[in-house]
Amino acid sequence: MGGPVPQPISDTFLLKYRELLDAEDEAFDELEHACEEGDRVHFDQEMDRWQVALVRKLAFLNHAGIEVAVPAT
């Protein structure tokens, strides 16, 4: 797993992280609906939105000094 967290986890950190998780969850739900509906244009838009949410979440963690290992492909 990872090493020690480089800074204390504050309520502010947790609130911001929860916002980012909620945004990612919402984006994924919309992506899933577009897939189920077979709407390719909407799917592509939601895929972009989901990827942006993921990048924001990972950037937030990285900025806080928490590195998330990306599995090798």
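Residues are numbered from 1 along each chain as its sequence is written. Because the model is predicted, local features need pLDDT of at least 70 and side-chain atom pairs count only at pLDDT 80 or more, while totals for chains, interfaces and linings use all residues; side-chain values use heavy atoms, with hydrogens and water left out.

The structure holds four aromatic pairs (rings of Phe, Tyr and Trp, the last by its six-membered ring, with centres within 6.5 Å; planes under 30 degrees apart count as stacked, over 60 as edge-to-face and the rest as tilted). One of them is the stacked pair of Tyr-17 and Phe-60, with 6.4 Å centre to centre and 20° between the planes. This pair links distant parts of the chain, as Tyr-17 belongs to helix H1 and Phe-60 to helix H2 (residues 40-63), 43 residues apart. Helices here are DSSP runs of H or I with at least four residues, numbered from the N terminus. Phe-60 is buried, with a relative accessible area of 18%, whereas Tyr-17 is partly exposed at 21%. For these terms, buried means under 20% relative accessible area, exposed over 50%, and partly exposed in between (1.4 Å probe, protein chains only). Ring pairs also bring in Phe-13, which joins Tyr-17 and Phe-60 in a cluster.

Charged pairs are the next topic. Side chains of opposite charge can pair when their charged atoms come close. The whole structure contains six salt bridges, each a side-chain nitrogen of Lys or Arg within 4 Å of a carboxyl oxygen of Asp or Glu. Among them is the bridge between Arg-18 and Asp-22, at 3.3 Å from N to O. Arg-18 and Asp-22 are separated by about one helical turn because they are four residues apart in helix H1. Arg-18 is partly exposed at 47% relative accessibility, and Asp-22 is partly exposed at 40%.

Other salt bridges connect the two helices. Glu-24 and Lys-57 form one, with their closest N and O atoms 2.8 Å apart. Here Glu-24 sits in helix H1 and Lys-57 in helix H2, so the pair links distant parts of the chain, 33 residues apart. Both Glu-24 and Lys-57 are buried. In another bridge, the closest N and O atoms of Arg-49 and Glu-26 are 2.9 Å apart. Arg-49 lies in helix H2 and Glu-26 in helix H1, so this pair ties together parts that are 23 residues apart in sequence. Arg-49 is partly exposed at 33% relative accessible area, and Glu-26 is partly exposed at 45%. Through salt bridges that share partners, Glu-26, Glu-46 and Arg-49 are joined into one network.Lastly, Asp-25, Asp-29, Glu-32, Glu-36, Glu-37 and Asp-39 gather in a surface patch of negative charge. A patch is made of residues with over 30% relative accessible area and no salt bridge, with like charges joined within 9 Å. Asp-29 is found in helix H1 (residues 11-37), and Glu-32 is also found in helix H1. Asp-29 is partly exposed, with a relative accessible area of 32%, and Glu-32 is partly exposed at 36%.

Definitions and conventions
Patches are made of residues with over 30% relative accessible area and no salt bridge: like charges are joined within 9 Å, nonpolar side chains (Val, Leu, Ile, Met, Phe, Trp, Tyr) within 5 Å. Accessible areas come from the Shrake-Rupley method with a 1.4 Å probe; for residues, only the protein chains shown count as cover. Lys and Arg count as positive and Asp and Glu as negative; His and the chain ends are not counted. The place of a charge is taken as NZ of Lys, CZ of Arg, CG of Asp or CD of Glu.
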